[in-house]
Amino acid sequence: MNINRPSPEALLQQIKQQERTVNRGKLKIFFGASAGVGKTYDMLTSAHQVQANGLNVLVGIVETHGRSETAALVQGLSVLPLREIEYRGQMLQEFDIDAALASHPDILLVDELAHSNILGSRHPKRWHDVEELLKAGISVYTTLNVQHLESLNDVINQITGVVVQETLPDWFFDQAYEVVLVDLPADELLARLHEGKVYIPSQAKHAINNFFRKGNLIALRELALRRTADLVDADMQDYRNQARISPIWNTADQLLVGISTGAHNSERLIRHAARLASSLHSQWYVVHVDTPRGLNRSVNNKQKVLEALRLADDLGAKTEIISAITVAEGLTSYSHQFNIGRIIIGQNQSKPYHWCQSLVKSISRQDVNLDLILVNQTKKLSKITKDRQLPSWNMAELSSVDNRNGYLMAMLGCGLVTVTLMALTRWFDLANVVMLYLLVIVFISVRFGRAPGILAAFLSVLSFDLFFVEPKLSFNVSDVQYLVTFAVMLIVSLIINNLAVGLRFQAQAARKREQQAISMSYLAQSLSAARKNDDIISQAAAWLTQHIASTAIIVMPDANNKLVVMTDCTIPAEFNWVVTRWVFDHNESAGLGTNTLTANTMHYRALATSNQVLGVLAMMPTDSETFNQPEQQRTLDVAIAQITLALERVYYAKVAQTALIKVESERLRGTLLSALSHDIRTPITVLSGLASSLATQTLTVSEQKQLGGDIEQQANVIQRLVINILDYVSLQSGGMKLNKQWVSLEEIVGSNIRQLEHYLKERQIEIDIPHNIDFIYTDELILSRILNNLLTNAINYTPDTACICIKAMLDNNQYLIMVTDTGKGLPVGMETKIFERFTRGDSESTTTGLGLGLALSRDLVEHLGGTLSANNVQPHGAQFIITLSWQPLPEQDLLSDDFIASSPNIDSANLAR
């Protein structure tokens with residue numbers, strides 16, 4: 001095996017990584033332990049340096065916190081104006097991402113990466129803004145404190161007693177192109193606090209007594225240093241992979257522990273490694289190498305390996321089962337892959353069969369730079385005799401169905417070759433006969449494994465001696481040299497068998513990895529295409545029952561936080577609601593294969609994100625023996641992570657939708673209250689004045705009549721506002737039902753004109769409704785409201801001498817109702833926007849109104865199944881067109897009692913015209 005050669009998966013991962021970063025901006029984070037260490041100062045200093053090199057630098061947002069030396073560095077840099085957002089009656093300033101995208105600088109400065117944006121912004125967090133900027137190809141300089149990393153939230157709370165609310169996920173921090181650690185000793189930072197260089201004196205005193213205690217600062221500094229070191233180590237590993245660097249660089253004291261099925265006291269070896277890793281504060285790995293020789297191990301030995309790996313996992317190690325031709329090759333390859341410089345292996349007492357090369361020598365041959373640590377695993381003398389016996393074959397494995405088929409094929413293959421060659425010996429030399437027997441051995445070994453291959457080797461040697469070497473049909477030989485031929489043939493056959501078995505083992509391991517990759521890819525694709533929880537759960541349950549479990553149940557909380565089964569399957573008797581609730585409440589695994597509630601035969605896992613538990617997965621494994629294997633657990637972990645990510649995506653989509661609705665409701669409420677406070681105040685003030693005049697002044701009858709008319713006019717204004725609001729609420733809530741019937745459009749128009757007669761003044765009304773299309777099948781009340789709003793709008797925005805025309809016509813089986821005026825028309829570009837809520841054509845107009853009438857009219861027309869549009873007409877004026885579906889009047893006696901009964905609002909006298 002060539003350890004310098006990268007795997008196809010690694011090459012594909014590098015190609016994908018390069019594709020993702022081709023047009024993406026670069027993120028540079030100035031990282032510190034706490035506020036006041038100088039992150040923003042260093043960021044601005046670096047910005048001046050790159051600007052001096054000719055790059056376009058723009059300040060998106062910088063928080064100086066009143067520090068004069070920081071504010072001075074902003075001078076000389078272009079600053080992007082902030083965007084103002086109204087929040088709870090106050091105008092607040094926020095970063096303007098749209099202006100930043102439009103400017104598209106080379107480098108954009110965005111301070112405080114973990115900042116939460118004001119409600120109503122495009123994204124809830126500032127790091128979301130930065131992500132969009134990076135995707136647009138803009139490089140970003142930003143700042144971040146260690147306490148804002150999501151993975152350290154609990155640790156920060158334990159150290160400082162403060163729950164940090166503003167956090168960002170670690171994956172976003174890890175993808176930074178460069179992280180600059182801005183470090184300052186705790187004493188120097190406290191000195192800056194006392195000098196007022198971090199906070200104002202009153203705030204500084206409070207900070208020193210709480211968050212900025214010296215112990216807290218030291219702990220935060222250590223966390224920042226360690227987190228930066230982790231990132232640097234990851235960068236080094238990426239560089240090694242890209243540069244194809246195979247030699248190990250001992251930059252970190254990582255440990256690799258190798259355990260085997262035949263080793264005694266593996267637990268002792270693992271505990272020794274755990275103590276050593278703890279003393280070195282280093283990462284450690286425990287692996288078991290599956291080899292062709294290990295295929296014949298007993299189930300008991302394999303179970304001991306799984307128990308040892310479970311112990312290592314509990315002690316904090318990363319565990320894995322890998323495949324290789326030899327143990328030494330597997331351990332060496334794994335150490336090179338993860339840059340591990342020390343390998344810990346167990347050392348037993350010397351075995352009596354010394355022809356086997358020791359593991360220490362084999363690893364040294366692979367790489368002399370690896371440090372080997374040997375831990376004595378020799379048992380007491382009374383047990384050595386049993387342990388020293390030669391390896392024995394597993395009889396159950398030898399008698400398996402596959403092996404029995406292999407034995408049969410070995411006998412048939414050797415027999416077929418023997419019979420065929422006996423008839424052709426006059427043309428074939430004995431050397432060619434041997435080659436054909438070796439071909440059979442290769443086939444049997446590759447296809448059926450080691451034991452059938454060995455049988456084929458012995459059968460081939462015996463057949464060659466019995467049927468082709470003189471004297472034939474006898475195991476005696478006429479020439480002693482044939483004994484050498486038999487020995488060489490047998491040795492070569494066994495070597496070929498061993499190599500072929502290794503090839504078969506590698507092919508099976510590669511096929512298994514490929515199948516796992518394909519299955520995980522299918523799961524990811526199916527989950528990414530799902531848009532609802534039900535789809536995600538059904539896809540997840542189907543995948544789990546196909547690959548891991550016989551039964552998979554997903555439980556999630558309802559609106560009352562009561563757990564309910566979401567999967568459509570029969571719940572087995574082994575399912576336990578108490579265990580499910582415990583897993584959900586504690587965010588822990590339980591049941592089979594865990595250390596909690598192990599009596600339950602089902603396995604329970606929490607579907608948890610970084611801050612909450614979304615549900616619980618309970619499943620009955622198909623094979624409980626292989627379920628605890630590390631590769632099976634790793635597959636399950638990846639699957640659960642995919643399922644949780646999909647559920648989290650849907651959850652946050654609902655949260656975003658709810659937040660959007662809440663923001664829209666708040667905006668609607670604020671706009672409505674603002675409009676009502678203005679538009680109702682005016683008529684109420686007029687009503688109050690008119691009522692006061694009527695009560696306090698001596699008026700003539702004509703003056704009283706005039707005041708009464710004015711009071712009625714103002715009351716009608718308030719009534720129209722209230723009706724529009726109630727109609728809008730009823731329409732939005734779905735409470736407005738249609739009551740379609742045959743009605744006369746001319747009657748509806750006439751009724752509205754009579755209601756608005758007082759407001760028409762000298763305006764001329766023209767009605768053009770042909771008698772053959774006067775009747776329309778619609779909701780009379782809704783159509784009347786629509787026409788009333790359109791006529792009121794025409795009256796409000798036209799002079800007293802204007803002309804208003806109401807016309808009906810048919811066009812391509814569509815019923816058109818047009819309301820046209822001769823006013824000044826609609827503002828240019830407002831033909832569509834005029835129908836938005838609280839939008840008025842003339843914002844400076846003194847005409848009262850909420851700007852809700854046209855929006856309500858459009859929604860009412862759409863409720864009727866039609867459309868409402870607007871345009872300007874020549875030479876001046878506006879035209880509103882109602883388009884409804886046309887249904888001809890039934891061909892029956894219009895004056896019949898049945899028709900009049902079905903349309904009670906139709907006047908029979910009108911029908912007779």
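**Close-up views of a predicted model**

**Figure 1. Burial of helix H30.** The buried residues of helix H30 are Gly853, Leu854, Ala855, Leu856, Ser857, Asp859, Leu860 and Val861. They account for eight of the eleven residues in this helix, which spans residues 853-863, so H30 is largely enclosed by the rest of the structure. Just after H30, Gly865 adopts a positive phi of about 90°. The model shown here and in the following views is predicted. For context, the protein contains 32 helices and 25 strands, and buried residues make up 42% of its 913 residues.

Figure 2. Strand S9 comprises residues 255-259, and five of its five residues are buried, so the strand is largely enclosed by the rest of the structure. In a regular strand the side chains alternate between the two faces of the sheet. Both faces of S9 are covered, with Leu255, Val257 and Ile259 buried on one side and Leu256 and Gly258 buried on the other. S9 pairs in the parallel sense with strand S10 (residues 284-290) over five bridges. Within that pairing, Trp284 in S10 is the bridge partner of Leu255. Strand S12 (residues 342-347) also runs parallel to S9 and is joined to it by three bridges. Here Ile343 in S12 is the bridge partner of Leu256.

**Figure 3. An open five-stranded sheet.** Five strands form an open sheet in the order S20-S22-S23-S25-S24, and their pairing is mixed. Strand S20 (764-768) and strand S24 (867-872) are the edge strands, each pairing on one side only. On average, neighbouring strands of this sheet are turned by 15° against each other, direction ignored. Strands of a sheet pair through backbone hydrogen bonds, either parallel or antiparallel. Strand S22 (residues 803-811) and strand S23 (residues 814-821) run antiparallel and are joined by eight bridges. Ala808 stands opposite Ile817 in S23.

**Figure 4. Helices lying across the five-stranded sheet.** Helix H27, residues 745-755, lies across S20, S22 and S23. The direction of H27 is at about 170° to that of S20. Helix H29, residues 780-796, lies across S22, S23, S24 and strand S25 (878-885). Relative to S23, helix H29 runs at about 25°.

**Figure 5. Aromatic pairs around Phe575.** A pair of aromatic rings is described by the distance of the centres and the angle of the planes. The count of aromatic pairs comes to 14. In one of them, the ring centres of Phe575 and Trp577 are 5.1 Å apart and the planes stand at 85°; the pair is edge-to-face because this angle is over 60 degrees. Phe575 counts as buried at 9% relative accessibility, whereas Trp577, at 40%, counts as partly exposed. Phe575 also forms a tilted aromatic pair with Tyr604, with 6.2 Å from centre to centre and 35° between the planes. Phe575 lies in the loop between strand S15 (563-565) and helix H22 (577-586), while Tyr604 lies in strand S17 (residues 603-608), so this pair ties together parts that are 29 residues apart in sequence. Tyr604 is buried, with a relative accessible area of 0%.

Figure 6. His603 is placed in strand S17 and counts as buried at 2% relative accessibility. Its side chain reaches the backbone oxygen of Leu592 at 2.6 Å. Not counting residues up to four places away in sequence, His603 touches Ala590, Leu592, Thr594, Leu617, Ala618, Met619, Phe627 and Leu636. For the protein as a whole, 69% of the contacts between residues at least 6 apart in sequence join residues at least 24 apart.

**Figure 7. An aromatic cluster and a charge over a ring.** Trp127, Trp171 and Phe172 form one aromatic cluster. In a separate detail, Lys26 lies over the face of Tyr177, at 4.4 Å from the ring centre.

Notes. Residues numbered from 1 in each chain as written. Predicted model: local features only at pLDDT ≥ 70, side-chain atom pairs only at ≥ 80, totals over all residues. Heavy atoms only, no water. Pairing = 2+ DSSP bridges. Helix = DSSP H or I, 4+ residues; strand = E, 2+ residues; numbered from the N terminus. Axes fitted to C-alpha atoms, helices over the stretch in contact; angles between N-to-C directions. Contact = heavy atoms within 4.5 Å. Phe/Tyr/Trp six-rings, centres within 6.5 Å; stacked < 30°, edge-to-face > 60°. Buried < 20%, exposed > 50% of the residue type's maximum accessible area, 1.4 Å probe, protein only. Lys NZ or Arg CZ within 6 Å of the ring centre and 35° of its normal. Polar contact = N/O pair within 3.5 Å; in protein donor to acceptor, adjacent residues only side chain to side chain.
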